[in-house]
Amino acid sequence: MEIFHGRPDNTAKRLPREIRTYDFLDRLEIRYERTDHGRADNMEACNEIDAVLGVQICKNLFLCNRQKTNYYLLLMPGDKKFKTKELSAQIQSARLSFADADAMLTFLDIEPGAVSVMGLMNDKEKRVQLLIDEDVLAGEYIGCHPCVCTSSLKIRTRDVMERFLPATDHDYRVVKLLGED
């Protein structure tokens with residue numbers, strides 16, 4: 001894998017959702033490093049990417065309540081275990097589960113395996129609430145996908161919080177996940 005600064009030179013074989021991500025970041029003048037790779041749709045596949053980019057790719061979980069009226073995007077360190085009960089108590093939402101692929105595509109224009117904070121740029125109706133584990137915020141950089149699972153980005157956490165999220169008109173809620181058994 002090779003590290004690139006900014007968008008790919010040749011976008012002919014790239015999906016429109018990926019190009020929209022680069023366009024959005026470029027409009028905001030947010031600098032990022034990028035690497036291209038095979039499908040990285042699970043945390044194990046992200047380990048090699050982490051080493052190349054020098055950042056841990058966030059575990060991104062797209063969740064909903066039982067009634068499917070509230071949707072959440074959770075960013076957490078890739079090495080933490082997700083405990084539904086732990087998060088449910090913090091956000092006062094019983095019976096959280098993984099949202100289905102149709103909702104993911106509808107709200108974030110992302111398919112399973114490519115869930116990313118970048119998808120919030122596609123949530124024009126603000127249906128998805130962003131939840132971020134405090135350990136993600138403590139890092140200098142965030143590692144994420146540009147709405148596809150065949151490329152990964154390294155972006156300053158400060159740029160995501162102070163420039164990207166305001167541009168998408170999304171706020172976030174900090175959660176503290178212990179991930180312990």
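Helices here are DSSP runs of H or I at least four residues long, numbered from the N terminus. The model is predicted.

Helix α4 itself spans residues 101–108, and its buried residues are Ala103, Met104, Phe107 and Leu108. These four lie on the same side of α4, because they cover an arc of only 105° around the axis. The spacing fits a general rule. An α-helix has 3.6 residues a turn, so residues three or four places apart point the same way. The other side of α4 carries Asp102 and Thr106, which are exposed. The N-terminal end of the helix is capped by aspartate 100. One of the side-chain oxygens of aspartate 100 lies 3.2 Å from the backbone nitrogen of aspartate 102.

Strands β3 and β5 are paired in the antiparallel sense, over two bridges. Leucine 63 has its bridge partner in β5, namely phenylalanine 98.

Aromatic contacts were examined next. The structure contains five aromatic pairs. One of them joins phenylalanine 24 and phenylalanine 164, whose ring centres are 5.5 Å apart. The ring planes stand at 75°, and planes over 60 degrees apart count as edge-to-face, so this pair is edge-to-face. Phenylalanine 24 belongs to helix α1 (residues 16–27), and phenylalanine 164 to helix α6 (residues 157–168). The pair therefore ties together parts that are 140 residues apart in sequence. Both phenylalanine 24 and phenylalanine 164 are buried.

Ring pairs also link Phe62, Tyr71 and Phe107 into a cluster. Of these, Phe107 is among the buried residues of α4. A ring also meets a charge elsewhere in the model. The charged end of lysine 154 sits over the ring of tyrosine 141, at 4.4 Å from the ring centre.

Definitions and conventions. Residues are numbered from 1 along each chain as its sequence is written. This is a predicted model: local features need pLDDT of at least 70, side-chain atom pairs count only at pLDDT 80 or more; totals for chains, interfaces and linings use all residues. Side-chain values use heavy atoms; hydrogens and water are left out. Buried means under 20% relative accessible area, exposed over 50%, partly exposed in between (1.4 Å probe, protein chains only). The arc is that of the directions from the helix axis to the C-beta atoms. A polar contact is a pair of N or O atoms within 3.5 Å; within protein, one must be able to donate a hydrogen and the other to accept it, and residues adjacent in sequence count only if both atoms are side-chain atoms. Rings of Phe, Tyr and Trp (its six-membered ring) pair if their centres lie within 6.5 Å; planes under 30 degrees apart count as stacked, over 60 as edge-to-face and the rest as tilted. A charge sits over a ring if NZ of Lys or CZ of Arg is within 6 Å of the ring centre and within 35 degrees of the ring normal. Two strands pair if DSSP finds at least two bridges between them.
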